[in-house]
Amino acid sequence: MAVKVIVIGAGLAGLRAAGLAAKEGHDVTVLEASQSVGGRVDTELIDGFRCDRGFQLINPSYPDAQAALNLNDLDLHPSGRGVAIRNGSGVQVLADPFRHPAYLKGLLGGTLTLGDVAALIRWNRLARSDSLTLQQTIDSAGFSLPLRKVIEQFFSGVVADPDLKTVASSAQTLAWYFVKGIPSLPAQGMEAVAHQLAEPILEHIRFSTPVESLISHNGQVRVVCSSGEELIADRVVVAAGPRTSARLTGQPEPTMNSLTTWWFDAAHRPSKLPFLYLDVREESRLIHTSVISNICPSYAPAGRHLVQATAVGAHGLEDSEAMAQAASIMGVHNPDWRLLVRHDIVNALPCLEPGQRPLESGIDGVIIAGDTTEPSIQGALASGVAAARALGSPTGVLPARERFNDTFTLRIRCIGDASGIWEKLTNLDNHTRAIPLTVVTPAQSRMIDGLEFVGLTSLGPVKMADRMLVRRAEAPTPGKPGLLQVSKFGPVAGEVEASIAQLGSEVEVIWRQSLQPAWLPRWLRPLGTVVARAGYSIGLRKLLT
Ligand SMILES: Cc1cc2nc3c(=O)[nH]c(=O)nc-3n(C[C@H](O)[C@H](O)[C@H](O)COP(=O)(O)OP(=O)(O)OC[C@H]3O[C@@H](n4cnc5c(N)ncnc54)[C@H](O)[C@@H]3O)c2cc1C
C-alpha cells in the first residue's frame with residue numbers, strides 16, 4: 001500500500017530510505033535543513049583542491065554501499081593498505097606485504113612480534129563483546145607496547161574518540177571491513193557518494209527546510225517546520241543525525257565525538273607514501289596525517305599536493321601547530337604549505353558506549369534512521385534500508401535492529417501484581433534457587449542501580465563466574481511498567497532488559513536478552529540462542545511463578 005512519507009534529513013541514511021521508498025511507489029518528500037545533500041559526507045572545492053568535510057574514506061566492501069551505489073561510476077582510488085608509523089627514531093611502514101612487497105622489511109622491523117599476532121587473535125575474540133569498551137579489549141589482549149600505541153592511535157581516529165570508550169564490538173565490525181576491502185576516495189570527492197544517491201530523487205528534496213517538531217495523531221504524523229509550515233504524513237523517517245533525531249523524538253541526545261581536519265596546499269610533495277601516518281610519539285596531538293593527492297590525484301590541481309591533518313577531541317591545536325606537527329611527522333623541515341581550510345566538526349560520530357541503547361522511536365508512524373547503531377557510511381545506508389522496509393508495516397514500527405544475532409525476547413504472563421513480580425525478579429537469592437548449579441552473590445541482596453553481583457556456576461571441578469552490573473532498576477508504579485537493565489560480563493557477555501507491566505489481573509514480563517558467548521564459534525551461535533532461550537524460559541517461569 002502506497003503511503004505519504006516524509007523523510008527528515010538528506011544525509012546518506014535519509015537519501016537511501018527516500019530512494020527505496022520512492023522506488024516502492026510511496027509519495028515521498030525529503031525535508032533538508034541545509035542547502036545541499038550528504039550531511040556529514042560533503043566536499044568543499046577550494047582553489048581546485050577537493051577538501052572533504054573532515055578526512056574520510058569509503059570502503060567498497062561495505063555491503064550496503066555495494067547495494068546502493070554504482071561503485072564503478074565513483075571511480076574509487078584505494079588508499080595504501082597499511083600505515084606509516086612515526087616514532088622517536090623515524091618512520092616505519094607496516095603494510096600488507098602482498099600489496100606493498102617493498103615494505104616487507106617494516107613488518108619484520110620490530111613493531112610487530114609473534115606475541116602480537118596471538119594478541120591480535122585474542123583481541124578479535126574479546127572485541128565481539130557488547131559489554132566492553134575498545135580500550136578494555138586493547139588493555140586485555142596483551143599487545144606489545146609499540147603495537148598497542150599504534151592500534152590505540154589508529155582506532156582513536158576511526159571512532160574519533162581519544163579515550164576509546166566506544167563499545168568494542170562496533171570497532172570490531174569496522175576492523176573487519178578494513179580486512180575485507182581497501183578504504184578509497186572517489187575521484188570527485190566524498191560528496192559524489194551522496195550526489196549519486198540523491199540524483200534519482202532530486203525533485204523530492206526540499207532544501208533549507210529545517211523541521212522543528214513532530215506530533216503523532218490519529219494514525220498520521222504532523223511535521224512542523226521552523227518556518228511554521230505544517231505537513232501531514234502517514235509515515236515519517238527521522239534521519240537528521242543522532243542529536244536532532246533524538247530531540248525530535250523526545251529522547252536524550254547521545255554524546256557525539258568531535259574532530260578537526262586541516263587541509264594544506266603543498267607546493268612540494270611532502271612524502272610519496274599513500275598511507276596514513278600515525279604519530280606515536282608522546283608529545284603528539286595530531287591523530288594522523290597523510291598526502292591525500294598520493295591516493296587520489298584529482299584531489300589537487302596539477303603540480304600541487306593536498307595534505308590532511310586530523311586531531312580528535314579537545315586537542316587545543318592552533319593552525320600553525322597542526323601544520324608544524326604534520327610536517328614533522330613526515331620529516332619535512334620548514335614546510336611551504338598554505339592552509340586551505342580547517343574543519344571543526346563538533347558532531348562527527350556518535351559515541352556508542354557499552355550497554356547504551358540505540359535510539360528507538362516510541363512515536364507511532366515515526367521511524368528513526370541514521371548511524372546511531374553503527375557509526376559509519378555502512379551503518380547509515382543499512383539504517384535507510386531498514387527504515388524503508390518498516391514503511392510497509394501497519395504501524396510503521398521498525399523491527400528492532402539487533403546488534404548481533406544472539407538475541408531473543410520472552411513474554412511471560414503471570415497472575416498477580418507487578419510489584420510482587422518485581423520483588424521476585426530482583427531478589428538475588430531467588431535466582432540462586434531458580435538456576436540449577438548456580439549461586440548468586442551477594443546473598444540477601446536486591447538488584448538496585450549500580451549493584452555488581454556474580455553468578456557462580458559449578459559443574460564438578462569446572463567453575464564459571466558471570467559478573468553482572470545493574471545499570472537501571474526502576475520498580476513498577478501504578479500506570480508505569482518496571483524496567484531492569486543488566487550487563488553481563490564473563491564467558492557469556494551481553495545485555496539483559498526486562499519490563500514488568502500490570503495488564504488487568506495479570507503481569508506481563510518481557511525479557512529481552514542479547515548474549516554473546518565469546519567461546520562459541522560463530523556458526524554455532526544460532527543453536528546456542530535456541531538452547532539459551534529454552535533454558536531461560538524454564539528458569540524465568542520457575543523464578544516468577
Ligand atoms: C569527519 C568524519 C569522518 C568520517 N569518516 C568516515 C569514514 O572514513 N568511513 C565511514 O564509513 N564513515 C565515516 N564517517 C561517518 C559517516 O560519514 C556517517 O556515519 C554518515 O554520513 C551519517 O549519515 P546520516 O545520514 O546518518 O547522518 P547525517 O550525515 O548527519 O545527515 C543528517 C542530515 O539531516 C539534516 N538535518 C539535521 N537537522 C535537521 C532538521 N531539523 N530538519 C531537516 N533536516 C535536518 C542535516 O543537514 C543532514 O543533511 C565520518 C564522519 C565524519 C563526520
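Does Q444 count as buried or exposed, and how many C-beta neighbours does Q444 have inside 10 Å? Q444 has 8 C-beta neighbours inside 10 Å, and therefore it counts as exposed. Good morning, colleagues. I open with this residue as an entry into the structure above, which is a predicted model.

Let me begin with the division of the chain. The assignment gives three parts: domain 1, made of 4–41, 190–254 and 352–390; domain 2, made of 43–80, 183–189 and 256–350; and domain 3, which covers 407–544. Between the C-alpha centres of domain 1 and domain 3, the distance is 35 Å.

I turn now to the ligand. The shell around the ligand holds 35 residues, and the closest are G9, G11, G39, G54 and Q56. Which classes of residue make up this shell? The count is 19 nonpolar, 13 polar and 3 charged residues. Domain 1 and domain 2 each contribute at least three residues to the shell. Among the secondary structure elements, α1 (12–23), β18 (337–350) and α13 (377–390) each supply at least two residues. The largest share, 4 residues, belongs to α13.

Helix α1 also deserves attention for its packing. Its partner here is helix α9, residues 191–198; the two pack at an angle of about 20 degrees, and their axes are 9 Å apart. Angles under 35 degrees count as roughly parallel, and α1 and α9 are therefore roughly parallel to each other. The crossing of α1 past α9 is left-handed.

Next, the backbone. Where does Q444 lie? Q444 is in the loop between β21 and β22, and its phi is near 50 degrees, a positive value in a residue other than glycine. The loop between β21 (438–441) and β22 (452–459) also holds P442. The peptide bond leading from T441 to P442 is cis, with omega near 5 degrees.

A further positive phi in a residue other than glycine is found at N334, with a value near 45 degrees. N334 sits in the loop between α12 (319–330) and β18. What is the exposure of N334, and why? N334 counts as exposed because it has 7 C-beta neighbours inside 10 Å.

The loop between β4 (49–52) and α2 (63–68) contains L57. This residue has 22 C-beta neighbours inside 10 Å, so L57 counts as buried; the cut-off for that class is 20 or more. How far apart are the C-alpha atoms of L57 and L185? They are separated by 5.6 Å, although the two residues are 128 residues apart along the chain.

R281 is in the loop between β15 (276–279) and β16 (288–291). Because R281 has 12 C-beta neighbours inside 10 Å, it counts as exposed; the cut-off for exposed is 12 or fewer. R281 and K149 are 132 residues apart in sequence, while their C-alpha atoms are 9.2 Å apart in space.

The loop between α10 (242–248) and β14 (256–266) is where G250 lies. With 11 C-beta neighbours inside 10 Å, G250 counts as exposed. From G250 to P162 there are 88 residues along the chain, and their C-alpha atoms are separated by 29 Å.

Finally, I come to G535, which is placed in helix α16, residues 525–544. G535 counts as exposed because its C-beta neighbours inside 10 Å number 12. G535 and L259 are 276 residues apart along the chain, with 46 Å between their C-alpha atoms.

To close, I return to two points. The ligand shell draws on both domain 1 and domain 2, with at least three residues from each. In the loop between β21 and β22, Q444 has a positive phi near 50 degrees. Thank you for your attention.

Definitions and conventions: Residues are numbered from 1 along each chain as its sequence is written. This is a predicted model: local features need pLDDT of at least 70, side-chain atom pairs count only at pLDDT 80 or more; totals for chains, interfaces and linings use all residues. A residue is near a molecule or strand if its C-beta atom, placed from the backbone, lies within 6 Å of it. Ala, Val, Leu, Ile, Met, Phe, Trp, Tyr, Cys and Pro count as nonpolar, Asp, Glu, Lys and Arg as charged, and the others, Gly among them, as polar. Domain bounds come from an automatic or database domain assignment. Axes are lines fitted to C-alpha atoms, for helices over the stretch in contact, and angles run from 0 to 180 degrees between N-to-C directions. Angles under 35 degrees count as roughly parallel, over 145 as roughly antiparallel, 65 to 115 as roughly perpendicular and the rest as oblique. A crossing is left-handed if the near helix is turned anticlockwise from the far one by less than a right angle, and right-handed if clockwise.
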